Amino acid sequence: MRIYKYPDRKDWPAIVGRQKKGSPDSIRETVAAIIEDVRTGGDSKVLEYVEKLDGYATDAAGLRVSGREMEEAEAKVSAGLKSAIMTAADNIVKFHAAQLPRDIVLETSPGVTCTQKNLPLGTVGLYVPGGTAPLFSTVLMLAGPARTAGVSRIVICTPAGKDGKISPAILFAAKVCGVEEIYKVGGAVAIAAMAYGTETIPKTDKIFGPGNAYVTEAKQQISQVCAIDMPAGPSEVLIMADDSARADFVCADFLSQLEHGKDSQAILLTTSEALAAAVAEALPQQAALLSRKSFVDMSIAKSVIVVLQSEAEMVEFSNFYAPEHLIIATSDYKKTVGGIRNAGSVFLGNYSTESAGDYASGTNHTLPTGGWAVAYSGVNLSSFMKKITVQEISEDGLRKLGPVIEAMATAEGLDAHANAVRIRLKEI
């Protein structure tokens, strides 16, 4: 574990080693070929890729999860896990339901009424990873808010195993969220199918969900024909800590993020050299006990500990990095969080583990990575909605506002715009 002590501000970019850059040519070209195949070949190409990439053969009808499969999956989920999933789903829906926006009706000037209406999206596609870790929690984070927003059609794509089966927990979570339209398709193939539609899989208006490098690249490539939730990349956490923090807790949060994959990153910012040393010493001890130690061993090489002069400098570094997850374990964390401007989701105090946000506290775990938190929010209820503005202008309203519009249009050289007002004013 690399430890940097009191580095200059100019060295921060090199320390984190993170740059916004496109996918390697090999991934970009592979994904482009898949998208074109699915766009032009529909179900037949999807089926070819399912057999080639997922390792089992099926027909078009077999792509969709049946009611019987849903029942069989539910029977395989333990009572304890069912209870946990339902509790988490309830918390997620509660928090997102509180975000329901209100319509705005405002008379901006006499006789001029402007309205903003909030409407749910029509059809959304949710991608749920199902490879090394079947993320049934992602179903809750996406389908729950989509249903709460009033989306009329929710489609889930997730890869099946070589036996053609999907994780029972994923299917049970979908049932809890009221989603029945689930397809056994993964990776860039799924993204292409939901973007363009096939004979079996519907075209969607917006695609949500995390994934590997191929999924991320596919979402970027189809974003000109289908909306996506946000740019996404490897998982990351930044922890700000002082002497009040516990080294074992910091280590645990480091590792919970690093086990996501080989490209994940964890950063500790601290004003305590003693804490830095304690964390560096404890990390390999905790890592040795993990089932996904192979991922941790690779991702820990990208992770660093940075000792800084002050809490103010930690805040500045954090805002520069714009982390997906930010844990603030300082003695006065409520004051510290006031300076945070760039972060996907923030966790306050020694007991607010990032795992809570990943699963059950109620906030969403689909968050901007790679520094995109400077401009993007995590998924929220508004992600599944759109806004339409409406205006109504009376004769008296146009009589007062018309000259303003006419003067501006004339100044821009747009005579037809001006005439559209002028012809009405003459009638009035």
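Visitor: Why is W12 called buried?
Guide: W12 has a relative accessible area of 1%. Buried means under 20% relative accessible area, exposed over 50%, and partly exposed in between, with a 1.4 Å probe and protein chains only. W12 is therefore buried. The model is predicted: local features need pLDDT of at least 70 and side-chain atom pairs count only at pLDDT 80 or more, while totals for chains, interfaces and linings use all residues. Residues are numbered from 1 along each chain as its sequence is written, and side-chain values use heavy atoms, with hydrogens and water left out.

Visitor: How many aromatic pairs does a search of the whole structure find?
Guide: The search finds six. Rings of Phe, Tyr and Trp (its six-membered ring) pair if their centres lie within 6.5 Å; planes under 30 degrees apart count as stacked, over 60 as edge-to-face and the rest as tilted.

Visitor: What makes the pair of W12 and F320 tilted?
Guide: The centres of W12 and F320 are 6.0 Å apart, and the angle between the planes is 45 degrees, which counts as tilted.

Visitor: Which parts does the pair of W12 and F320 tie together?
Guide: W12 lies in helix α1 and F320 in helix α13, so the pair joins parts that are 308 residues apart in sequence. Helices (H or I, at least four residues) and strands (E, at least two) are DSSP runs, numbered from the N terminus.

Visitor: Is F320 buried, exposed or partly exposed?
Guide: F320 has a relative accessible area of 28%, so F320 is partly exposed.

Visitor: What makes F317 and F320 an edge-to-face pair?
Guide: The planes of F317 and F320 stand at 90 degrees, with 5.8 Å centre to centre. These two residues are three apart in helix α13, so about one helical turn separates F317 from F320. F317 is at 0% relative accessibility and therefore counts as buried. W12, F317 and F320 form one aromatic cluster.

Visitor: Why does Y6 count as partly exposed?
Guide: Y6 counts as partly exposed because its relative accessibility is 34%. A322, at 0%, counts as buried.

Visitor: What makes β2 and β3 a pair?
Guide: Two strands pair if DSSP finds at least two bridges between them. Five bridges join β2 to β3 (residues 112-120).

Visitor: Which helix gives the largest share of the lining of the second largest pocket?
Guide: Helix α4 (residues 67-76) gives four residues, the largest share.
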